[in-house]
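Student: Please take a close look at one part of this protein. I would like to hear about a pocket and its setting.

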Amino acid sequence: MANQDEFFKKVVAHAKEYGFIFPSSEIYDGLAAVYDYGQMGVELKNNIKQYWWRAMVQMHENIVGLDSAIFMHPRIWKASGHVDAFNDPLIDNKDSKKRYRADVLIEDHIAKIEDKIEKECEKAHKRFGDAFDRQQFVTTNARVLEHQKQIDEIQAKYAELMNANDLVGLKQLILDLGIVCPISGTRNWTDVRQFNLMFATKMGSVIDDSDTLYLRPETAQGIFVNFLNVQKSGRMKVPFGIAQIGKAFRNEIVARQFIFRMREFEQMEMQFFVRPGTELEWFKRWKEERLQWHLALGIPEECYRFHDHEKLAHYANAATDIEFRFPFGFKELEGIHSRTDFDLSRHSEFSGKKLQYFDSELNENYTPYVIETSIGVDRMFLAVFSHALKEESLEDGSTRTVLNLPARLAPYKAAVLPLVKKDGLPEKAREVQHLLMPEMMVQYDEKDAIGRRYRRQDAIGTPFCITVDNDTLENGAVTVRHRDSMQQERVAIDQLLPYLKARL
Ligand code: ATP
């Protein structure tokens with residue numbers, strides 16, 4: 001754990017040092033859980049959004065995009081249930097005066113038991129070597145089974161309490177599990193209370209008769225209230241989807257873990273409208289398709305896992321999270337929810353407008369059911385960034401810091417480096433830079449020794465360094481150095497564009 005903490009600190013420091021992420025309002029000592037994306041961060045973030053948009057909108061003829069406003073009619077949040085139920089249960093420790101989410105305290109407790117199972121597996125793996133069969137071990141080993149039973153019992157109890165909104169019971173569970181405050185180490189807890197996460201503001205110049213508005217806590221409702229607009233104007237036929245990328249705001253109780261949990265963040269959400277009765281089939285398909293989207297980036301499969309929900313939101317009939325192995329353990333990266341006809345029905349009820357679809361094949365009207373896929377841009381950023389950051393020991397005994405980002409997400413695709421700052425090499429290098437610029441993000445760098453320039457590009461994740469040397473002037477070829485293997489090869493300048501494009 002100590003190592004993980006150290007590593008996470010490195011992630012945060014690296015993000016700042018190389019212009020990926022800065023604390024918001026830093027010269028005023030920052031603003032809790034709000035961050036700014038710097039010159040590198042904005043590129044990586046845009047590439048993530050583009051990768052999602054391409055996969056969801058460009059590659060599906062039955063999914064279209066939307067960009068709805070952040071401000072929406074206040075009744076929308078009444079209809080969606082957010083005014084009454086978008087709460088987190090909070091609890092304070094009376095000694096440390098620290099505030100926690102009661103559900104997170106319980107989740108962390110479960111994670112500790114999962115760690116114990118992991119340790120048993122590691123020990124057994126060492127003992128049995130290659131013959132170790134994890135599946136067999138976790139289903140037969142007495143200690144593991146005991147731990148698993150504990151986890152199952154806690155999860156069942158927790159789901160029961162949350163479904164019943166039993167806050168007294170929740171506090172009792174925290175006491176029964178012996179959960180202590182990580183700061184004070186005591187069990188001196190207050191009662192559990194509900195806290196609404198929406199930011200409220202006022203619209204209009206006269207405060208008294210102005211309406212209370214909310215900054216949207218999710219982008220999804222903008223999609224639901226535009227269901228008919230898009231369906232009719234786009235002549236969309238069920239099944240079809242509407243995708244949106246945009247900011248969302250939540251007044252999180254405990255904001256820590258860097259950009260994992262922010263108060264202002266960005267979501268990429270897609271609502272897929274289907275015939276009632278087919279939703280679980282579509283849920284399965286989207287679960288698989290979304291996992292494939294992640295895996296296509298080349299991050300190993302063992303970094304992902306599904307977590308099917310025990311406690312379903314009142315509107316859902318199936319829900320799962322795609323969890324990612326962040327530096328602080330497996331946590332939710334994306335949610336996939338089967339939301340039934342809850343949202344469209346509620347908006348029909350609250351607006352008085354019928355949000356239905358006439359299915360000409362069935363010759364009937366119905367309220368479509370919805371499968372939602374919802375992923376945080378910032379969490380995705382943290383996932384790829386933290387997975388990519390590596391400290392490598394090289395054969396010559398030195399070390400290097402490298403960000404081996406998937407090439408398609410890297411802020412800069414190539415850097416053009418004249419070997420020395422004279423003999424016409426900078427001019428030639430500028431030519432190469434201008435050749436590539438219309439096609440990709442390219443950096444030009446002539447300062448410092450070539451080795452140091454390579455290291456700077458490694459640290460921001462540039463997949464290719466292109467070096468212009470004296471031979472280039474003679475034979476029109478440059479050296480291409482690969483970030484991950486550090487292998488170098490000569491490529492003719494007139495072949496450079498197709499060469500790079502084939503590898504990006
Ligand atoms: P959590 O349980 O971690 O609070 P959630 O279940 O409330 O998340 P959803 O409402 O399903 O999250 O939101 C969809 C996605 O939006 C999440 O999977 C996550 O990637 C992202 N997200 C949610 N809250 C935040 C936040 N405060 N900061 C950054 N990303 C967030």
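Tutor: What follows starts with the pocket and then moves out to the chain around it.

This is a predicted model, in which local features need pLDDT of at least 70, side-chain atom pairs count only at pLDDT 80 or more, and totals for chains, interfaces and linings use all residues. Residues are numbered from 1 along each chain as its sequence is written, and side-chain values use heavy atoms, with hydrogens and water left out.

Take the second largest pocket. Its space comes to about 390 Å³. A pocket here is an open set of points on a 1 Å grid over the protein atoms alone, where a 1.4 Å probe fits, with protein on both sides within 12 Å along at least five of seven lines. Its volume is the space filled by probe spheres set on the points, which are joined across faces, edges and corners.

The lining has 14 residues. A lining residue has an atom within 4 Å of a point. Nearest the centre of this pocket lie N47, Q50, R54, R408 and K413. Helix 2 (residues 39-58) gives the most to the lining, with five residues. Helices are DSSP runs of H or I with at least four residues, strands are runs of E with at least two, and both are numbered from the N terminus.

By class, the lining holds six nonpolar, two polar and six charged residues. Nonpolar covers Ala, Val, Leu, Ile, Met, Phe, Trp, Tyr, Cys and Pro; charged covers Asp, Glu, Lys and Arg; the others, Gly among them, are polar.

Now the domains. At least three lining residues come from each of domain 1 (1-64 + 216-307 + 317-396) and domain 2 (412-503). These bounds come from an automatic or database domain assignment. Seven residues of domain 1 are in contact with eight of domain 2, where contact means heavy atoms within 4.5 Å.

Next, the whole chain. It has 17 helices and 23 strands. Its radius of gyration is 26 Å, close to the 23 Å of the globule rule for 504 residues, so the chain is as compact as a globular protein of that length. That radius is taken over C-alpha atoms, and the rule is 2.2 Å times the number of residues to the power 0.38. The C-alpha trace spans about 75 × 60 × 55 Å along its principal axes. Of the 504 residues, 49% count as buried. Buried means under 20% relative accessible area, exposed over 50%, and partly exposed in between, with a 1.4 Å probe and protein chains only.

S24 is buried, at 7% relative accessibility. Leaving out residues up to four places away in sequence, S24 touches G30, L31, V34, Y35 and D36. D29 lies in the loop between strand 1 and strand 2 too. D29 is exposed, at 74%. D29 is not a glycine, yet its phi is positive, about 75°.

One more loop deserves a look. P239 lies between helix 10 (227-233) and strand 9 (240-249). A cis peptide bond joins V238 and P239, with omega about 5°.
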